[in-house]
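Me: I have a structure here that I have not seen before. Can you walk me through it?

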Amino acid sequence: MREVEVVSPHAGLVKALLGTWAVLVYLFLFAPIVLLVLFSFNANRYGTFPFTGWTTHWYSEVFGNYQIKDALTTSLRVAAEVTLISTVVGTAAAFPLVRSRLPFRSGITVGMTLPIMIPGLLIGVSLLILMTSFFHIQLSVQTAVIGQAVYTTPFVLLLVAARLQGFDTSLERAASDLGANTFNRLRYVVLPLIMPAVFAGALFAFTLSLDEFIITLFLIGAQNTLPIYIYTQVKFGITPEVNALASLLLAASLVLIAFAFLLPAVLRRGRNAVRAGRA
Amino acid sequence: MPLSEGRLNRADLLKLGAAGAIGLTAAGPALGRTFTRQATTLNMLTWSDHYANDQLKAVAKATALQGRPTLFSDNSDAYLKIKQTGSQFDIVSGDALWVPKYLKDGLTESFDLSSLPVSKQLYPIARQFPFWKDGSNYMGYPFSWSTVQIYYNPKYVKVKPDSWHAILDRKYAGKISLENLPTDVMAIAGLATGTKKPYSMSTAEISRAKGYLKALKPNVLKLASQNNEVIRALADGSAWIGITNLGSDDRVKDAGGPVVKQSYPKEGTVGFIDSEQIVKASKNKTSFERFQNAMQQAPWIAKNFITNGRPLFNEKAYKLLVNQGHGDRATRLLYNQPEKALKMTIKGPAGDEQAYLDAFNEVFGA
Amino acid sequence: MTGAAGASDVPVPPPAEGQAVTRERAVGGRLAGLGQYAGFLPALVLYGVFFVAPLALIVAYSFWQTVDYNVVHDWTLDNYRYFFSVPTYLRTFWATIWVSVAATAITILIAFPFTYWLVRYVPRRIQGLLLVLVILPFWTSYLLRVYSWLNILGDRGAINRFLEWVHITDGPVSLFLYDRPAVILVLVYLYFPFAALTLYASLERFDWNQFKAAMDLGAPPRTAIVRILLPQMRTGITTAIIFVFIPILGEYLAPQLVGGTRGVMIGNLIVNFFSGGQYTRGAAAALLIAGLIVALLIVFRRSLEVEDPYRA
């Protein structure tokens with residue numbers, strides 16, 4: 001006998017209401033972005049209403065702006081170093097976190113997430129004091145890298161640890177039974193299989209670093225990263241150049257995401273084509 | 001099979017992403033290199049109205065000295081930053097009586113003004129400010145000046161506010177915009193409560209000033225970080241009253257805003273005279289003179305006036321402005337009367353800076 | 001579980017579970033015992049020097065004094081005493097907490113129906129895309145997303161212009177900006193993706209057949225939700241609350257840009273103290289909020305445990 005699905009009489013209404021809610025949510029999420037892009041074409045140099053005219057002047061300003069290029073270069077440099085440090089430190093620490101016998105495991109977990117949950121403000125400020133009043137070293141790009149690494153490493157750690165937790169150790173045991181020592185086990189069995197998580201962690205650290213602001217603000221001295229440059233422009237209220245920059249960054253991210261989504265499909269089709277060719 | 005397929009694809013994707021990231025990073029320095037060439041970077045700690053991007057670019061091209069500005073709002077912020085960051089900054093801008101403090105505390109160096117050919121373009125009076133003289137040297141290169149007064153939108157503010165107490169009226173709740181300058185706001189509050197020396201108030205006077213600020217607070221819309229923000233608030237109508245520099249009425253009009261009028265309160269007000277100073281610990285001290293020589297040329301200064309509307313000390317620029325047809329505006333804004341600058345109560349560090357900051361913070365929270 | 005350390009180069013017949021561990025430890029000896037922690041070393045260095053030490057310094061600073069921009073090592077409770085004696089600061093502290101509570105509550109209340117809709121009514125293939133759309137605004141600068149609200153909420157911003165255009169008002173209504181409600185609104189906007197993602201991860205695992213079973217047994221949908229769905233989502237909701245509430249407590253940028261003089265939060269106070277050279281007072285204020293956060297984390301530590309996103 002066919003199963004009859006019992007459905008509430010209001011099901012259609014609920015579905016419609018929730019659908020409307022979702023649409024409102026998306027409007028809410030995108031309205032500021034749309035305005036942002038809109039104002040990048042506003043001739044009014046104060047970047048507010050009224051709309052005094054249409055122009056692409058601000059975009060050409062962005063491309064000729066030394067400060068933006070400088071900030072972008074610094075941002076990328078910092079992000080590279082931060083990603084390197086976090087990935088190495090985070091991945092290394094994931095192993096004992098998951099595999100060793102730890103006393104106070106939940107306490108250690110809290111400790112590990114503390115750098116993420118503590119306001120970045122606090123990390124920035126405490127490191128500022130440490131560097132200037134204790135070590136007496138000058139603030140620079142390197143000090144900012146250290147500050148950001150403190151913040152991003154737990155993310156890598158958590159991602160890799162989560163992967164390691166679900167890792168099938170029978171593979172390792174099989175390898176060991178076949179004569180592999182620790183190093184070879186790591187190299188040929190464990191690491192390749194956790195690589196996706198490591199890469200995800202690295203990518204995540206990179207992204208976090210690029211948009212990181214508050215820690216960097218306290219620790220970077222006279223240099224600028226892109227977020228700091230934008231903050232200065234917003235706070236000190238200059239021109240819609242900032243809007244143009246933001247629109248460009250948004251466009252770049254859109255391209256990356258489209259790429260990320262289309263790529264697996266493209267790869268799959270390629271693989272299938274190869275397989276079909278071979279068959 | 002599909003599962004591992006998915007896993008491989010994800011790994012491929014992530015590898016590509018990482019490769020992309022590494023690629024970008026490798027490209028980064030290359031990008032930077034094409035623009036730096038042989039240029040020395042001079043880090044400037046300054047206000048937003050002391051430079052323009054095209055000016056920095058042109059100067060960099062001509063002198064191979066690239067200015068990199070970091071902005072600040074209150075003098076005490078800049079002072080602390082220089083104290084904390086050692087040789088990170090090469091040039092710091094400062095107001096009036098802050099300049100001698102920088103020098104006295106070993107943070108800046110004085111220099112021979114006449115060794116800069118561009119200094120001949122300055123009004124003579126600007127080269128002789130007694131509080132900036134250090135023997136035969138000068139403590140900073142004079143840049144601009146202005147009084148800080150009330151600007152109001154006559155559409156909503158029917159009666160001209162001619163006193164600091166007039167703006168306490170509850171009609172203006174949430175409609176006043178002023179800059180976040182604790183020391184100077186306290187000084188204004190001091191003037192409003194009858195202090196003779198607003199920058200060296202006694203504890204009792206500070207307490208009275210604090211009382212004034214408490215009464216003012218509900219009327220304050222926002223403490224702005226630079227006067228650009230005050231202009232914006234006046235332009236888009238969110239503020240009816242602004243406490244800001246000369247020339248704001250023109251700037252508000254340029255921003256597409258309404259007509260605003262100026263009012264000079266009867267209790268008096270403060271004003272600033274600012275300059276560019278050499279940071280003592282800087283590694284590029286020898287470049288300062290060449291850099292300023294290019295930055296302070298009259299055409300740039302004239303442009304600066306058109307954008308920011310307050311008077312500067314470059315006399316040659318005034319003549320340029322008159323030739324360009326802006327003479328009226330310049331004269332109206334007292335550009336050709338730099339001696340008026342000395343008549344203001346000029347900004348400086350407070351006697352007890354900490355007490356001022358405390359009082360201000362205790363009223364405004366942050 | 002086999003440890004990463006401890007070598008076994010000789011092929012042996014597969015031992016029983018418990019035996020493997022002891023054998024490996026026996027082979028490696030004490031080194032195996034300590035060696036398993038080797039991976040912690042880089043982390044210990046990084047965090048020992050650059051996280052624990054600075055925080056310890058902050059704790060110490062909160063009990064010392066600042067005289068004329070220099071820190072003097074006199075132990076005192078003055079900083080805390082001062083903080084609690086200024087009514088504005090106390091008001092800011094409490095305001096921070098209730099703003100955070102309000103923002104968190106609103107965020108979860110908005111995110112829950114949204115996530116419910118996403119999991120229940122949207123085909124699986126599109127769910128990922130729609131989630132990405134939620135995160136997409138994240139890809140623009142955080143600062144600019146806050147800044148663009150100024151153009152919506154301001155007196156000549158989008159809302160006021162719209163109201164004037166449809167003649168509901170005939171002048172700008174300045175209720176919207178530079179006050180606490182604006183801060184709450186912007187915070188909700190900023191943290192919505194956190195809540196949505198966390199709730200999604202939890203809701204996604206729910207077995208909808210239980211719903212059908214409940215309704216077969218005669219329960220109206222509302223009862224089904226309250227008595228079946230919500231209890232199972234409890235950890236998910238708690239995690240979402242933690243991930244939204246705690247970061248909001250330490251927020252600084254949003255209140256600074258849209259808060260005006262009435263929307264100040266404790267983050268602004270702390271920054272103000274530190275950039276004014278008042279390290280010791282700033283440290284005391286910072287510790288107050290950090291202490292609250294640590295206490296919350298300890299109470300809710302179970303919500304922090306992570307599950308394997310790659311499980312089959």
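Me: Let's start with Asp49(B). Buried or exposed?
Reply: Asp49(B) counts as buried, because its relative accessibility is 9%, under the 20% cut-off. Keep in mind that this is a predicted model.

Me: Which residue does the side chain of Asp49(B) meet in a salt bridge?
Reply: Arg310(B). The two side chains meet at 3.5 Å, N to O.

Me: Is Arg310(B) buried or exposed?
Reply: Buried, with a relative accessible area of 1%.

Me: Why would two such side chains pair at all?
Reply: Side chains of opposite charge can pair when their charged atoms come close.

Me: How many salt bridges are there over all chains?
Reply: The structure holds 19. Another one joins the side chains of Arg332(B) and Asp249(B), at 3.9 Å from N to O. That pair also links distant parts of the chain: Arg332(B) is in helix α12 (residues 327-332) of chain B and Asp249(B) is in helix α8 (residues 248-254), 83 residues apart.

Me: Buried or exposed, for Asp249(B)?
Reply: Asp249(B) is buried, at a relative accessible area of 16%. Arg332(B) is partly exposed, at 46%.

Me: Which residues are linked with them in a network of salt bridges?
Reply: The network links Asp249(B), Asp250(B), Arg329(B) and Arg332(B).

Me: What about chain A? Which residue does Arg77(A) meet in a salt bridge?
Reply: Glu81(A), with 3.9 Å from N to O between the side chains. Both are in helix α3 (residues 66-99) of chain A; they are four residues apart, so about one helical turn separates them.

Me: How accessible is Arg77(A)?
Reply: Arg77(A) has 38% relative accessibility, so it counts as partly exposed. Glu81(A) is partly exposed too, with a relative accessible area of 25%.

Me: Back to chain B as a whole. How many helices and strands are there?
Reply: Chain B has 13 helices and 13 strands. Of its 366 residues, 60% are buried. Among its contacts with a separation of 6 or more, 77% are between residues 24 or more positions apart.

Me: Now the interface of chain A and chain C. How many residues are in contact?
Reply: On the chain A side there are 98 residues, in contact with 92 residues of chain C. The two chains bury about 8800 Å² between them, and 76% of that is on carbon and sulfur atoms.

Me: Which helix gives the largest share of the chain A side?
Reply: Helix α1 (residues 11-39) of chain A, which contributes 18 residues. By type, the chain A side divides into 69 nonpolar, 19 polar and ten charged residues.

Me: What about the largest nonpolar core, how many residues?
Reply: The largest nonpolar core has 193 residues. Those with the most contacts inside it are Tyr335(B), Phe114(C), Leu187(C) and Phe192(C). A second, separate core has 36 residues, including Ile167(B), Leu213(B), Leu223(B) and Phe360(B).

Me: What is Phe114(C) in contact with?
Reply: Leaving out neighbours within four places in sequence, Phe114(C) is in contact with Trp21(A), Ala22(A), Val25(A), Tyr26(A), Val134(C) and Phe192(C).

Me: Last one. Where is Leu296(C), and what is it in contact with?
Reply: Leu296(C) is in helix α14 (residues 279-299) of chain C. Apart from neighbours within four places in sequence, Leu296(C) is in contact with Phe245(C), Ile246(C) and Leu249(C). The C-alpha atoms of Leu296(C) and Ile246(C) are separated by 8.2 Å, though the residues are 50 apart along the chain.

Conventions
Residues are numbered from 1 along each chain as its sequence is written. Chains are lettered from A and ligands numbered from 1 in the order in which they are written. This is a predicted model: local features need pLDDT of at least 70, side-chain atom pairs count only at pLDDT 80 or more; totals for chains, interfaces and linings use all residues. Side-chain values use heavy atoms; hydrogens and water are left out. Contact means heavy atoms within 4.5 Å. Buried area is the accessible area (1.4 Å probe) that two parts lose on being put together, summed over both. Helices (H or I, at least four residues) and strands (E, at least two) are DSSP runs, numbered from the N terminus. Ala, Val, Leu, Ile, Met, Phe, Trp, Tyr, Cys and Pro count as nonpolar, Asp, Glu, Lys and Arg as charged, and the others, Gly among them, as polar. A nonpolar core is a set of buried Ala, Val, Leu, Ile, Met, Phe, Trp, Tyr and Cys residues joined through side-chain atoms within 4.5 Å. Buried means under 20% relative accessible area, exposed over 50%, partly exposed in between (1.4 Å probe, protein chains only). A salt bridge is a side-chain nitrogen of Lys or Arg within 4 Å of a carboxyl oxygen of Asp or Glu.
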